[in-house]
Amino acid sequence: MVFFYRTLLIALGSFLVLLPVLGQQNNTKLITGDFQNVKFEQFVREIEANSTYRFYYDPALMDTIKVNLQVQGKPLPVVLEQALKPINFTFAIDQENQVYITKGRAIELNLPANFFTPGQAGAVIAQNNVINTNTAEPERPRTRSTSELKLYEIGNSRSANGSGKATIAGHLRDIKSGEAVIGASIYIEAPLIGGTSDQFGYYSLTLPVGRHEVKIKGVGIKNTRRQIMLHSDGKLEIEVEEDITNLKEVVIEAEKDKNVAGMQMGLEKLDIKTLKQVPTAFGETDILRVILTLPGVKSVGEGSTGMNVRGGATDQNLILFNDATIYNPSHLFGFFSAFNPDVLKTVELYKSAIPAKYGGRLSSVLEISTRDGNKKQFAGSGGIGLLTSRLTLEGPIVKDKTSFIIGGRTTYSDWILKQLPNSTLRQSEASFYDVNAHITHEINDKNTIYATGYQSQDKFKLGTDTAFQYMNRNASLKWKHIFNNKLYGVLTGAHSIFNYNITSDKHESTASKLTYGINQSNVQADFNFFLNPTHTIDFGASTILYQVSPGSQTPLGSKSLIAPNILSNEKGQESALYISDLINISPRIAVQLGVRYSMYKALGPKDVFEYTSGLSRNESSIIDTTHYKNGEVMATYHGPEYRASIKYILTDNSSVKASFNRMRQYIHMLSNTASMSPTDIWKLSDRYIRPQIGDQYAIGYYRNLRSNTIETSVETYYKSMRDFVDYKNGATLILNHHIETDVINAEGKAYGVELMVKKLTGKINGWASYTYSRTLVRVNTALASDMVNDGKYYPSNFDKPHDFTLIGNYRFSRRFSTSLNATYSTGRPITLPLAKYEIGGAQRVYYSQRNEYRVPDYFRMDFAMNIEGNHKVRKLSHSSWSLSVYNLTGRKNPYSVYFKTENGKINGYKLSIFGQPIPTVTYNFKF
Amino acid sequence: MIRKVYLFLFIILSFLNSCVEPFSPEVKSHTSSFLVVDGFINISGVTTIKLSRTQNLGENMKPSVENRAQLQIKEESGSNHNLTEIAPGTYQSALLNLNPGKRYQLHIRTDNGSEYLSLLTSASTTPDFELSSRIQNDGLQILVNTNDNPNSSRYYRWQYEETYEFSSGYYSGYEYKAPGKIEARQNDIYYCWRTEVPTFIKIGNTSGLNQNILSNQSIVFLPKNTEKLRYKYSILVKQYSLSKEEYQYWEILSKNTEQIGTLFDPLPSQLTGNIQCLNNPAEPVLGFVGATSEKQKRIFVDKKDLPVWPYKTGYESCAIPDTVGLGDAVPLFANGGSLPVGGVYRGPALVGYTYSTPDCVDCRLRGTKVRPSFWQ
């Protein structure tokens, strides 16, 4: 039996490629000698002097060992066995007469017999060409591996099963902080079997038993490897080092071949280091702002946080913050995102091939996860900027078991307003804050609990008049239980609240308070089952209870004459079951098939108006009212959501992926403004407002160049959407007792091509992307008065066909780096007034077709510089300065175009927010 | 309230280096302004059609009228009726009694030779109606009750004119007579009539009902403290039956509010009407020419028929009259900026005048002294 194999030598680190022949029967050289109380070192020297054998061993282990032996013409193995067995050392001899001496178990010089034929059933052929004196130790509860060179024994050699395969599982953690490492690839190269660590840092690999080198690569960590000897199922906790050089370094690093080899398409993943380098207007790292630079993600204007993913509306994005839904992700009308960058770990945006686990929104899933906090030592970080400051503290509560992270951020714009000369502004207030707290507790190695709390609040007051306030409050609790190496489950409970209120107290008689609120409670159970290397199955169930207070206006103070106007509450329940299977058909082809079945019930109590059929629904077509009791089902919608994707690896550095997914959405945002604003109303589906359904087909080609340092991709998609909410002309959305009279179900289609080139490493790195995309809407009803643009397709509010983004970084040295961003996009569509005329004695305005025209194109260039303190790993605190200039060219990009009637004239104006270069400076620290 | 929030946003933005610049978008060829047709074919009465042109947004003159056009009411397979220009841009027919069972359209040939034609529309006969007022706790409701054949049109539009008596802030007992004389006032400028023609579009329908009856349809609501109800109030309501298409036209027109084009306003929609340019079908023509008849009703509401309600005068902002000595009075009143109110006496001697601004004294600035012909 002749095998080609290669192995990495532990302990000495030699790298050998050998052509072995089994057994030592060819080694005819016999040993003769009298060794009486000689040091092992001397014993070895004598044998080496008289033979071709070369010994490899750890001198530190052997320096106290004495040999007492008298041999006459015996083969070396016999001699060594005599010498080593009493002291529980073993040895192995290879074809080149190299002798490896180890304590306990011998080095396996050959690969298992079925090494190159994965999946083939059959027993491992034991190759006991070495004498194995090892007595298997009882399985240790946990192996915490930190060494690349040490051989880790996994499982019990005696209990090795006959299938030739075993599953190894565990967590990837940061060696310094104990934080889970998410999304790192963990794999063996031959045969290529691998997986990625999940949100808990958990991984599971099913490998042939035997000796492997497991490689670990990931964002922000040093690439590393572990030598394992796999006997049977077992655990391997892997601690990896943070890539210390990229402490706020300007690097975009990803799993190097993930672009090509990863299953997921349409996934954009950013880690906090990537996020931090992108210059922003106020010097504050802003995840949503960075996401807007990715292909396929757009927004209507720079003061708005609402994002449009692949032609979807701003309400079609599921924003999860540690699994709790966030309804308004922005501060100060969208100038800041509501997430403190210091507590964030990763941000993942799914644009297509959305996993079956997620549902409830049409366009995308944005998953934001926080760090777990440093499990080893107390640490902190913060930043001082022009408008905001932030501070984050973290540390262990119980070392290696329980950790916390708490972060807060606030603004001093209030203080700035007070300094202004304008008295109206002096009396104004504007403030916001957000607070995050997260605790991770590892009960034992099978059970972990994660608890997160989050609150963000904004307050504005104009003069002494109208005060405005909105708030997000979330809590989530997750319990992760590992049943065995192949199956784990996560039980999540979360509660999200979003509400706003507007109080006006300028006149006592009209003082009033307008409120809106939504809260959702959800429970979900997700399971991950690594059935075998071919099948990985995810399944689970979830249910969400929505409760909405759609609006109320109540008098403020005893002198107010405002009559209370309270809309009745809405209630709905959304439940879903899902299952998906990732099937590795061959190393080149993998398929993920999934289905999610979701069901929604609109629940009473509520009074529902009945309308004349065949007429546009409005107040005059109301004919009756139906009363539903508490909990009574008013409407039920349900249906399957299919998820399918396929990956085909063409060559080592290119692949093709395709996907189809269907999404259903039961909650709609009502906003007759094109951007997302804090006064938007979320509305549940009901008798009249049907759920939105969207299908997306996507196909992409991925190719890595120059040994994976340059990633390129082309993705194209076609999307059809139906029953999303559009508005009739002149719709009233606030305090509307019959919102169904003002909204209409529309259909839409979107398509586009996204090109992206990323350079991941080197002094110059960054990405460039170009997107051509269209998104069109059609409102075609039987009723002429409800139709828009004669029932023809028209560009949606966020249809911006051309979009080009360049994010470029240049690193002069480890302490000094710069970045330059440029972005160009076609202007947003707009409906323009074209002329005015008189009919019936009144001035009327003749408008263009809806969205027939566009505002001027958008172009902006930003520049940033990061200056780091020195890079000593151990020092009290690391600090850095960021200097940035937003809108370097000072182009006056339109934020809004509007028209005003002045002296009988209708004049057009263009408002630019950042019409000049805006320099900012931020000081960041970390201790 | 929302608007205030955005106003606030704008103020913040102005603090953040934001800037506002005039913006005139480049729009597709606007070489000529479009024809605007205002009016309807009156099947039992005089048809009045006004022709004008659209204007650029930046103009602030009255819209230009369309002179010397030839207009014709065309009956489907029937006779034509010409309109004549009675005033620039205003065209009138003779008193016509057209067959309500037929369909009609309006043909226009402008002076420059362009021809326009409205779509054939079936005529609706407007039913008679009752106009009444109802006293409520918070004011006065003006109501319409109408009852028509279930097979007739179920869509309605109303126009109304309100006329009311009012008085100015201060009664003026003197007047300045050039040159240099101040005399007792001969012609009262305290009581006036004022007529308002709201341009608000008021429509309603009975399509959801199993009978073609509109009961107590609100036309206008007068809050109890309105100055309109201080003395005597009259309202003239005109009712029109509409085709469904015309109803939808007015519905959209009413929703195309005067707020325009900002990011935060409701989305307006393009609306033209039912008229086509025959020479150039792509040319937009604005207006909807329906065929219907008009029914009118007028009622009066006298203060003495109402509960005792507090009222506003409309002159709340007027300051208390100031005084001027005799010596300064003539130059003061000669320049017209002030009007005398009453005399100031020391004992029996006139030593000066109280005075106020014309806005507060002269009711003719807001109304007319000419008694309306219909006033009872």
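This is a predicted model: local features need pLDDT of at least 70, side-chain atom pairs count only at pLDDT 80 or more; totals for chains, interfaces and linings use all residues.
Local features require pLDDT of at least 70 and side-chain atom pairs count only at pLDDT 80 or more, whereas totals for chains, interfaces and linings use all residues. Residues are numbered from 1 along each chain as its sequence is written, and chains are lettered from A and ligands numbered from 1 in the order in which they are written.

**Helix 2 of chain B**

Helices (H or I, at least four residues) and strands (E, at least two) are DSSP runs, numbered from the N terminus. Helix 2 of chain B covers residues 244-255, which is 12 residues. Because the expected span is 1.5 Å times one less than the number of residues, this helix should span 16 Å, and the 17 Å between its end C-alpha atoms agrees. A residue is termed buried if 20 or more other C-beta atoms lie within 10 Å of its own, exposed if 12 or fewer, and partly exposed in between, with C-beta atoms placed from the backbone. The buried residues of helix 2 are B:E246, B:Y247, B:Q248, B:Y249, B:W250, B:E251, B:I252 and B:L253. Their cover includes strand 15 (155-167), strand 19 (202-205) and strand 21 (232-242) of chain B, together with strand 54 (842-847) of chain A.

**A three-stranded sheet in chain B**

Two strands pair if DSSP finds at least two bridges between them. In chain B, three strands form an open sheet in the order 13-14-20, with antiparallel pairing. Strand 13 (129-136) and strand 20 (213-223) stand at the edges with a single partner strand each, so one side of each has no neighbour in the sheet. Neighbouring strands are turned by 25 degrees against each other on average, direction ignored; the axes are lines fitted to C-alpha atoms. Strand 14 (residues 139-147) is joined to strand 20 by eight bridges, and B:T146 stands opposite B:L214 of strand 20.

**Backbone features in chain A**

Most residues other than glycine have a negative phi, and most peptide bonds are trans.

The peptide bond from A:G604 to A:P605 is cis, with omega near 10 degrees. A:P605 belongs to the loop between strand 38 (589-603) and strand 39 (606-611) of chain A.

Definitions and conventions. Two residues are in contact if their C-beta atoms, placed from the backbone, lie within 7 Å. Axes are lines fitted to C-alpha atoms, for helices over the stretch in contact, and angles run from 0 to 180 degrees between N-to-C directions.
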